[in-house]
Amino acid sequence: MKSMSDSGNLVLEARDVSFRYIEKNKKEVLDHVSISFPEGKISVLMGASGCGKSTLFALLAGLYPENGGVMTSGEILLFGKPLGAYSIPQRAEKLSVMFQNADLQFCMDTLRKEMLFCLENISCPPEEMQERVEKAAGSLQMTDLLDRPFQTLSGGEKQKAELACLFLLGSKVILLDEPFANIDEMWAERIVEMLVRLNREYGTTIIAVDHSLDYWLKVLDEIQVLRQDGSVIRGIGRENLKDHEELFRKEGLRWPLEEKRHPERLPEGKARVTLEGAGIYAGKKRRQSGHPVLSGADASFYENEMTAVLGPSGCGKTTLFRTLLGQQDYTGSIRIDGRELRKIPGKELFSEVGIVFQNPSNQFVTQNVLEEVESGLLGKLARHEELHGSATEQEALELLQSFHLDRFRKYSPYMLSQGQQRRLAVLSILAGKRRILLLDEPTYGQDDAMTREIMELLRSRMAKEKMTILFTSHDRRLVEEWADRCYLFREGRLCESNGAD
């Protein structure tokens with residue numbers, strides 16, 4: 001079958017690319033991969049977790065091998081010219097990039113400074129800069145956040161900030177890595193509309209790496225699938241998608257036409273966490289913010305239940321989790337097993353409550369994947385050489401194998417892909433045997449098969465150890481399939497929801 005990628009002008013190509021992160025490694029991360037994207041199209045690149053999508057993304061973006069790793073064969077072409085032959089301003093004019101981890105994107109400390117820096121990189125006349133900044137920020141309703149430090153923004157707000165920079169640059173090719181992972185459904189749909197408008201009106205080529213077609217299905221021109229063996233399946237479009245269900249199943253990808261599935265529900269347990277008239281504020285102390293992100297909240301979270309905490313980006317979901325960890329001030333009452341939260345000593349609280357952050361790299365405590373899990377099992381920093389041959393080592397290896405991470409046991413956690421880091425973070429918290437888990441986007445960056453494995457393992461451990469699990473997600477299908485109960489942030493209140501609001 002002739003692919004769309006074989007017709008028309010090609011804007012971005014990887015030709016026979018082989019790449020490894022460390023020159024001494026025997027195995028290539030990418031082994032003779034060839035892929036190409038046609039001009040003026042909306043293309044979605046899919047593939048199983050760990051197949052090399054993020055590495056390929058970094059190569060197409062020009063991050064590798066300029067800043068790390070070794071490309072042992074092949075070349076990357078942008079509009080038919082080697083990527084390395086472009087100066088930075090020339091490259092920015094033609095190609096702009098959105099990372100999966102927003103914290104890796106920014107060079108400055110506020111969005112306004114970041115956008116000005118972007119304009120400097122394309123030699124924009126200084127007298128035009130402020131007007132262009134205001135216009136691009138306004139298109140994403142980010143004007144009020146222009147001068148707020150990035151560290152105070154939510155994950156979703158940071159992703160919108162990345163997109164504001166992309167729209168500002170006006171590049172001919174936009175490369176996106178999991179662009180909707182932390183963005184609520186309403187804004188994801190709006191952003192797709194903006195991207196489609198850029199594509200239709202200006203011929204902008206959109207290339208997205210994504211595990212889900214939920215927001216792309218009605219607008220994409222083609223789907224390409226990177227398989228575990230490095231081969232690329234082309235020629236998939238909206239008109240023939242139904243013919244490729246077997247491929248999606250085999251590669252562990254989410255089948256977009258699948259009906260909902262619901263796991264068996266467990267008997268309701270006792271309330272482990274209760275909020276009564278609770279109010280929480282952005283910032284570590286109330287005086288840093290005059291307006292609460294949540295007020296007068298009444299809610300109960302039960303053992304043997306997975307509760308989804310939902311709401312738009314920046315509404316306060318992560319702030320609620322920080323509060324339950326004792327890291328935020330609050331008003332009213334929050335009790336854990338009947339004890340007022342503010343009266344529980346920190347060490348005791350951390351032994352009972354664990355969290356997986358939106359950015360998992362913020363919680364790693366070692367430089368070794370195996371040691372990370374061993375540290376979780378022991379509840380303290382572990383040194384693997386002291387645990388060699390022990391029951392702790394064996395248990396850690398079995399846990400890594402359950403999440404398909406055992407072959408990375410000697411790696412640094414920071415060398416893993418975003419999806420693999422997410423799995424390791426979840427695994428490390430599970431290893432700690434905490435009774436209350438707070439999971440901020442636990443399946444972000446995972447393919448369908450791994451998402452199901454993570455959620456099934458969580459449910460199994462929950463039943464066995466009578467755990468209470470709270471998780472946030474912008475993935476409606478995940479919530480519909482796995483949440484026993486839902487709470488929704490709505491205009492500063494916390495409302496029990498059926499998940500479909």
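The model is predicted: local features need pLDDT of at least 70, side-chain atom pairs count only at pLDDT 80 or more, and totals for chains, interfaces and linings use all residues. Residues are numbered from 1 along each chain as its sequence is written, and side-chain values use heavy atoms, with hydrogens and water left out. Helices (H or I, at least four residues) and strands (E, at least two) are DSSP runs, numbered from the N terminus.

**Helix α10 with helix α12**

- The axes of α10 (residues 369-378) and α12 (residues 418-431) come within 6 Å and cross at roughly 30°.
- Axes are lines fitted to C-alpha atoms, for helices over the stretch in contact, and angles run from 0 to 180 degrees between N-to-C directions.
- α10 and α12 are therefore roughly parallel to each other.
- Angles under 35 degrees count as roughly parallel, over 145 as roughly antiparallel, 65 to 115 as roughly perpendicular and the rest as oblique.
- From α10, the contact (heavy atoms within 4.5 Å) uses V369, E372, V373, G376 and L377; from α12, it uses L424, L427, S428 and A431.
- These contact residues divide into six nonpolar, two polar and one charged.
- Ala, Val, Leu, Ile, Met, Phe, Trp, Tyr, Cys and Pro count as nonpolar, Asp, Glu, Lys and Arg as charged, and the others, Gly among them, as polar.

**Helix α11 with helix α12**

- The axes of α11 and α12 are 10 Å apart, and the two helices pack at an angle of about 140°.
- That makes α11 oblique to α12.
- L399, L400 and S402 of α11 meet L424, L427 and A431 of α12.
- The residues of this contact divide into five nonpolar, one polar and no charged.

**Helix α13**

- α13 (residues 448-465) has 18 residues and reaches 26 Å from its first C-alpha to its last.
- That is close to the 26 Å expected at 1.5 Å a residue, where the expected span is 1.5 Å times one less than the number of residues.
- Its buried residues (under 20% relative accessible area; exposed is over 50%, partly exposed in between, with a 1.4 Å probe and protein chains only) include M450, I454 and L458.
- The buried residues of α13 pack against several elements, including α11, α12 and β17 (436-440).

**Two loop residues**

- C124 lies in the loop between α3 (111-121) and α4 (126-139).
- C124 is buried, with a relative accessible area of 6%.
- A85 lies in the loop between β5 (81-82) and α2 (88-94).
- A85 counts as partly exposed, at 44% relative accessibility.
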